[in-house]
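Q: I am new to this structure and would like to go through it step by step. Could we begin once it is displayed?

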Amino acid sequence: MWEPLLVFLMFCRSSQAFTNRMHSTRRSPLGIVHTFSGMDIDRSRVEAELKEASAFQNALRSHGAAFALFHGTSALVITDSPMKLAFHDAEKLQTLYEISLQQFEPSLTCISNDVGNSIPIYPCIALGASASGWAFAVDVSNRSRNEFEVKNEAEGNLRFEPVRALLATLNQRDIAMAGLGASTLAWHRQHQFCGLCGSRMVAVEAGGRRACTSETCRNRAYPRVDPVVIALVQDPVRDKILLGRQSVYRPMMYSCLAGYVGPCESLEEAVRREVKEESGIDVGEMSYHSSQPWPIGRGASCQMMVGFTATATSTEIHIDTNELEDCRWFSRAEVAEAEELVVARRPGPSDESSKTLSIPGPYAIAHHLIKNWLSTTKAPLQASGRNKL
Ligand SMILES: [Zn+2]
């Protein structure tokens, strides 16, 4: 049993090999780096180095510290091409927006001693460490967004954009940091008071936790991640897949079926239940595909999409119209045509009368589940094969 360990240690001795290994850990088993993952900054150093308030304060003032600004679920971006997440240093925060590091939470001791309660407090969380320094996300929702949307030669054209609208424009690193910042700051806004005693809660540990201010309670809250299963359901006998659409989708846009995992429910049980509830289809065997963080869920919640490929054991659809507007089986030819539209970056149908299927783009795990099915050859099952599933 030691041989693999020795090989692993030898592997890690090479710094290049170690770098490669670090990169490989950001990929799914299929080699996919989903949107909102692959952040390429060191998150582990936040937990290891910034838990104490004094360490967080020092990091705010350290060389290279950079601050991204958020307003509600929108991130401040430089809209000049290519679009980038805007980062300012502490000096620019002061000169452009009159924001001082002393106004950042978590820094309760500093605030009560030095500043008082008469000026705005800006929630601030550490995103991680890069080669150039610490990166932070700051919530400026308590001020007008117009004060930050400036245009000048030095800073570029600055504008707040909903993170959801930036999926196709920001690079892998920036969209991941925008998603992490917006969803975590939203979680802080939504957890102002203790769920046990009702006292005020404050951000602690570089914004990675919230703590109740009651000495007798001391309750702690942790950023919430909601598990969601998403399944590509295939019928190998007829060589078709099951896709559904919600009324909010654009015309003819269909995607994989998905739903929240319930309490005391395994991921596999959740797949079977959700597919059955939404479409009436029974599911047999399934296999794990990959997972994708999705920090733009309802109320800026952070979801964890866990993707599966599942095999149907029935074919007759009974739609739950509370969940879906429509649900259908699509042939390989129909799905391949939809994938070609995505590859060619051509927009999908714009009117309800169109019969051309449209599927989500590469920013969504659903796209990769569908693409994976397209890449497989047709299973050589006969009609009787369904009974064996
Ligand atoms: Zn409490």
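Q: Is Cys194 buried or exposed?
A: Cys194 is buried, at 5% relative accessible area. Buried means under 20%, exposed over 50%, and partly exposed in between, with a 1.4 Å probe and protein chains only. This is a predicted model, in which local features need pLDDT of at least 70, side-chain atom pairs count only at pLDDT 80 or more, and totals for chains, interfaces and linings use all residues. Residues are numbered from 1 along each chain as its sequence is written, and side-chain values use heavy atoms, without hydrogens and water.

Q: And Cys197?
A: Cys197 is partly exposed, with a relative accessible area of 38%.

Q: Which atoms coordinate the zinc ion?
A: The SG atoms of Cys194, Cys197, Cys212 and Cys217 do, at 2.3 to 2.4 Å. Donors are N, O and S atoms within 2.8 Å of the metal (3.2 Å for Na, K and Ca); water is not among the atoms, so sites may look incomplete.

Q: How are these donors spaced along the chain?
A: The spacing is C-x2-C-x14-C-x4-C.

Q: Why is the arrangement tetrahedral?
A: Because the 4 donor atoms subtend angles of 97 to 113° around the zinc ion; four donors count as tetrahedral if all angles lie between 85 and 135 degrees.

Q: Changing topic, what does Val163 contact, leaving aside neighbours within four places in sequence?
A: Its contacts include Phe36, Thr73, Ile175, Ala178 and Ile296. Contact means heavy atoms within 4.5 Å.

Technical notes. Four donors count as tetrahedral if all angles lie between 85 and 135 degrees; four count as square planar and six as octahedral if opposite donors are over 155 degrees apart and all others between 65 and 115; anything else is irregular.
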